[in-house]
Amino acid sequence: MTALLLIEQTLNGLQLGVMLFLMAAGLTLVFGIMNMINLAHGSLYMVGAYCAALFLEWTGSFVLAALLALPATLLVGLVVEIVVLRTLYERDHLDQVLATFGLILFFNEAVHLVGGAEALYLDLPTFLKGQVEIIPGSPYPLYRLVVIAVGLAVALGLYLLVTRTRTGMLIRAGASNRAMLSALGVNVRLLFTAVFGLGAMLAGLGGVMAGPTVSVQSGMGENVLILAFVVIVIGGIGSIRGAFVAALLIGLIDTMGRAFMADIMGLVMSHAAAQTAGPTVASMLIYLLMAGVLFFRPQGLFPPRGR
Amino acid sequence: MKARTIALAAAFALTATLSAQAADKVKIGYVTTLSKGPAAIGKQMQDAVELALDHLGKKMGNLPVEVVYVDDEFDPEIGKLRSEELVKKDKVDFVSGFIWSNVLLQARQPVFKANTFLISSNAGPHELAGKECSPWFFSTSWQNDQMPEAMGKYMTDAGIKRVYILSPNYPAGRDMVAGFKRTYKGEIVGETLTPWPQHADWSAEFAKIRAAQPKPDAIFVFYPGGAGVNFVKQYAQSGLKDTMPLYNVFTTDSTTLKAQGDAALGLLSTMSWGPDLQNDANKRFVADFKKKYGYIPSFYAAQAYDSIMLIASAVKAVNGKIEDKEAVRKALKASDFASVRGQVKFNNNHFPIENFYIQEVVKDADGNYDTRIKGTVLLAHADAYGAKECKMK
C-alpha cells in the first residue's frame with residue numbers, strides 16, 4: 001500500500017515540478033541574460049489562464065482556446081517588454097522590482113475589469129477528464145499525466161533549443177557575458193525581446209495548463225511566482241538545466257512533505273499535534289532547502305559557465 | 001502656555017457638546033474584500049448593502065444614511081488599519097462587514113475601544129462568542145462552529161460511519177473542525193489542516209485519503225472562496241467524486257458555483273439561509289437582487305443585507321437618537337426586523353439563534369447553478385460558547 005502511495009505521490013510531485021519549470025524557465029532566462037528582475041512573470045501566468053478561459057467561452061473548444069492563449073500571452077509579453085521593461089534594463093534592481101510590482105497591480109486590476117470579480121470557468125474537455133489506472137486499483141487523473149507529458153516535452157524542446165541551435169548559443173553567450181556578445185555585433189536588444197517573449201509564452205502555457213485545476217482569478221500568479229524564484233535560486237540563475245532539476249526537486253520535496261510529514265512527525269509526538277504541525281513544517285521544507293543551498297553553494301546547483 | 005491650555009480645553013468642551021448633539025445622519029463603515037482573489041465576495045456584499053439601502057429609501061428612521069466602503073485587501077493588518085480609520089477619521093456610528101475571521105479578530109479592538117457597534121456580516125470566530133464576547137459586537141451570520149455542527153449532525157443521522165476532514169489552517173478553519181467534531185458521532189479516520197491561503201493543489205491529500213485505513217465513507221471540507229473552486233474541480237478530476245461523497249460548509253455557494261461548473265453538481269452543504277428559503281423578506285430580497293444585478297445572491301449577500309436591516313431597525317427603535325448607545329444596544333438585541341433568514345433571536349453573546357438547513361447544488365431550468373434546500377437539520381440552534389463562556393447576560 002505504502003509503495004503504491006509513494007508512486008502516486010511521486011507523480012504528483014513530478015506534475016508540480018514541471019509546472020514550476022514552465023514558470024522558472026522564463027524567469028531564469030530573463031534574470032540570467034538581461035540581469036532583470038521581473039516580478040510580473042506571475043502575471044503572465046495569470047494572463048495565460050485568463051486568455052484560455054475567455055477563448056473557451058468564445059470558441060467552446062478547450063484545445064482551440066489553449067492554442068489561441070499561447071500567442072495571446074506571447075503578444076502581451078512582447079508589449080510589456082517593449083513598452084515597460086526596455087527602459088529598465090540599465091536601471092538598478094530596486095527600480096526593476098518597483099516597476100514590475102506595479103505591473104502586478106496593473107494586471108490584477110486589468111483582469112478584474114475584463115473578467116469580472118468572480119473566478120472564471122475553465123473546465124476540461126471530456127476526452128481529458130477521467131482517470132487512468134497506471135497502478136491497478138489506484139486511479140490517477142488523466143489530465144495530470146498530460147501535464148507531466150507536455151511539461152517534459154517542453155523541457156526537452158528547450159534543452160535542444162539552448163544546446164543545439166544558433167539562437168541557443170547566443171542565449172548561452174548572453175547569460176555568460178552580455179557585453180562581449182554585444183561587442184561581437186549581435187543585436188542583443190532583439191535577442192532580449194525574443195527571450196522575453198519565449199519566457200512569457202512558457203509562463204502562459206503554465207497558466208493555461210493550471211487553469212482547469214485551479215481557480216482562474218485575479219492574483220493567481222503570485223504564489224507560483226514565489227516558488228519559481230525559489231527554483232531559480234536553487235538551480236542557479238540563468239541555467240535552464242538548473243531550473244529543470246530544481247523544479248522537479250521542489251515539486252517532489254513539497255509533495256512528499258505534504259504527504260508524509262504529519263505521519264513522520266507522529267512517530268515522535270502526539271497524533272493530534274503532528275496532524276496540526278505536519279503541514280506547517282512541510283510547507284517550510286522548500287525554504288529550508290533554499291537556505292541550505294544558499295549557504296553551501298550560493299551560486300546555485302548548476303550555475304551557467306563562464307561567470 | 002496658559003492661554004493655549006485654556007483654548008485647548010475650550011476646544012475639547014466644544015467637541016464634547018458637538019458629539020452630544022443629536023445625529024443628523026447615520027454613518028456606517030463597511031469593511032470587506034474588494035480587491036484580490038476574494039473580490040467577488042466583497043462585490044456581492046456591497047451589492048446587497050446597496051439593495052438594502054434602496055429598500056429603506058436611503059433612510060433609517062428619519063435620518064439619511066451614508067455608507068463608507070473600505071477594502072481589507074484580504075489582509076488582517078490592513079483590515080485593522082482601515083477599521084481604525086473608520087472610527088477615528090470618518091467617525092462612523094456603526095462598523096459592519098467582515099468576511100474573514102482572522103481579519104475580524106484583528107480589526108475588532110480599535111472599533112470596540114471607540115465604543116462603536118460592530119455588526120459582523122459573515123465572520124464568527126469562537127473567541128468573540130466565548131471568553132472575549134463584547135457588548136459592542138453583533139452578528140447577522142453565525143458563529144463559525146454552528147455550520148459544521150449542523151453538518152456533523154446531518155452526517156451522523158445519515159449513517160455515515162467514517163469521515164476524513166480537510167480544512168485550511170487559520171482561525172475559521174480550526175473552528176470548523178472543532179464544530180464538526182462536537183456533533184459528529186462516527187469515526188474520524190484522518191484530518192489534514194492545509195496552509196492558508198496559498199495551498200492550491202490537493203493531489204497529495206487525495207492520494208492520502210485514498211490510501212487511508214480504514215477506508216473513509218465520506219470527506220468533510222471547509223474551503224471558502226477561490227480555494228473552494230480549486231478544491232471542488234480537483235476533487236471531481238481525481239475520480240473521488242464517484243467513490244467518496246463530499247460534504248462541505250462554505251465551499252459551494254453562488255460566488256463559486258459558476259467557476260466550479262458541473263464539478264459541484266449534487267454536493268451537499270449546510271447553511272442558515274438559501275435563495276429558496278420561504279419567507280416574505282427573503283422572496284423580496286432574492287427577486288429584487290436578481291432584477292437589479294442579474295445574478296443569484298449568495299449567503300454573503302443575504303447576511304450583508306440583514307446587517308443593514310438590523311442597524312435600521314435599531315435606529316428606528318431609538319427614534320434616531322443613536323448617540324444613546326445603551327438604547328441602541330437594547331434595540332439591536334431585540335432583533336426586531338424581518339430577517340431574510342426567517343425567525344432569528346440573539347444569544348447572550350449576540351450571535352444568532354437560528355435554523356440550519358441542508359442544501360444541494362443543482363442546475364435550474366435556465367441552466368444556472370444554484371442551491372436547493374433539502375431539509376432542516378437544526379431548529380433554533382444556539383452556539384456552543386455563549387452559555388458556557390460568555391459572561392454577558
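**Entry 1: helices H1 and H5 of chain A**

I began with the residues through which H1(A) meets H5(A). On the H1(A) side I listed A:Leu14, A:Gln15, A:Val18, A:Met19, A:Phe21, A:Leu22 and A:Ala25. Facing them in H5(A) are A:Arg144, A:Val147, A:Ile148, A:Gly151, A:Leu152, A:Val154, A:Ala155 and A:Leu158. Sorted by class, this contact has 12 nonpolar, 2 polar and 1 charged residues. I note here that the model is predicted.

Next I looked up the geometry of the pair. H1 of chain A covers residues 2-34, and H5 of chain A covers residues 142-164. Their axes come within 9 Å and cross at roughly 40°. I recorded the crossing of H1(A) and H5(A) as left-handed.

I also kept a reminder for reading such lists. An α-helix has 3.6 residues a turn, so residues three or four places apart point the same way.

**Entry 2: helices H9 and H11 of chain A**

I then turned to H9 of chain A, residues 221-235, which packs against H11(A) at an angle of about 30°, with the axes 9 Å apart. H9(A) is therefore roughly parallel to H11(A). I put this crossing down as left-handed.

Which residues make the contact between H9(A) and H11(A)? From H9(A) I found A:Val230, A:Val233 and A:Ile234. From H11(A) I found A:Ile286, A:Leu289, A:Met290, A:Val293 and A:Leu294. The class count is 8 nonpolar, no polar and no charged residues.

**Entry 3: helix H10 of chain A**

I checked the length of H10(A), which runs over residues 240-266 and has 27 residues. The distance from its first C-alpha to its last is 38 Å, close to the 39 Å expected at 1.5 Å a residue. I also looked for a bend and found a kink of about 50° in H10(A), centred on A:Phe260.

**Entry 4: where chain A touches chain B**

I looked up how many residues each chain gives to the contact: 39 residues come from chain A and 33 residues from chain B. On the chain A side, the elements that give two or more residues are H1, strand S2 (138-141), H5, H10 and helix H11 (271-296). H1(A) supplies the largest share of that side, 6 residues. By class, the chain A side has 16 nonpolar, 17 polar and 6 charged residues.

**Entry 5: helices H2 and H11 of chain B**

In chain B I picked H2, residues 39-55, and H11, residues 280-293. Their axes come within 11 Å and cross at roughly 110°. H2(B) and H11(B) are therefore roughly perpendicular to each other. The crossing of H2(B) past H11(B) is right-handed.

The residues that meet are B:Asp47, B:Ala48 and B:Leu51 from H2(B), with B:Asp288, B:Phe289, B:Lys292 and B:Tyr293 from H11(B). I sorted this contact into 4 nonpolar, no polar and 3 charged residues.

**Entry 6: backbone exceptions in chain B**

Most residues other than glycine have a negative phi, and most peptide bonds are trans.

Is the peptide bond from B:Trp196 to B:Pro197 cis or trans? The bond is cis, with omega near 0°. B:Pro197 sits in the loop between strand S8 (187-194) and helix H8 (203-211) of chain B.

A cis peptide bond also joins B:Gln213 and B:Pro214, with omega about -10°. I located B:Pro214 in the loop between H8 and strand S9 (218-222) of chain B.

I found B:Lys58 in the loop between H2 and strand S2 (59-60) of chain B.

How values were computed: Residues numbered from 1 in each chain as written. Chains lettered and ligands numbered in written order. Predicted model: local features only at pLDDT ≥ 70, side-chain atom pairs only at ≥ 80, totals over all residues. Axes fitted to C-alpha atoms, helices over the stretch in contact; angles between N-to-C directions. Helix = DSSP H or I, 4+ residues; strand = E, 2+ residues; numbered from the N terminus. Left-handed = near helix turned anticlockwise from the far one by under 90°. Contact = placed C-beta atoms within 7 Å. Nonpolar A, V, L, I, M, F, W, Y, C, P; charged D, E, K, R; others polar. Parallel < 35°, antiparallel > 145°, perpendicular 65-115°, else oblique. Expected span 1.5 Å × (residues − 1). Bend = angle between axes of the 7 residues up to and from the residue.
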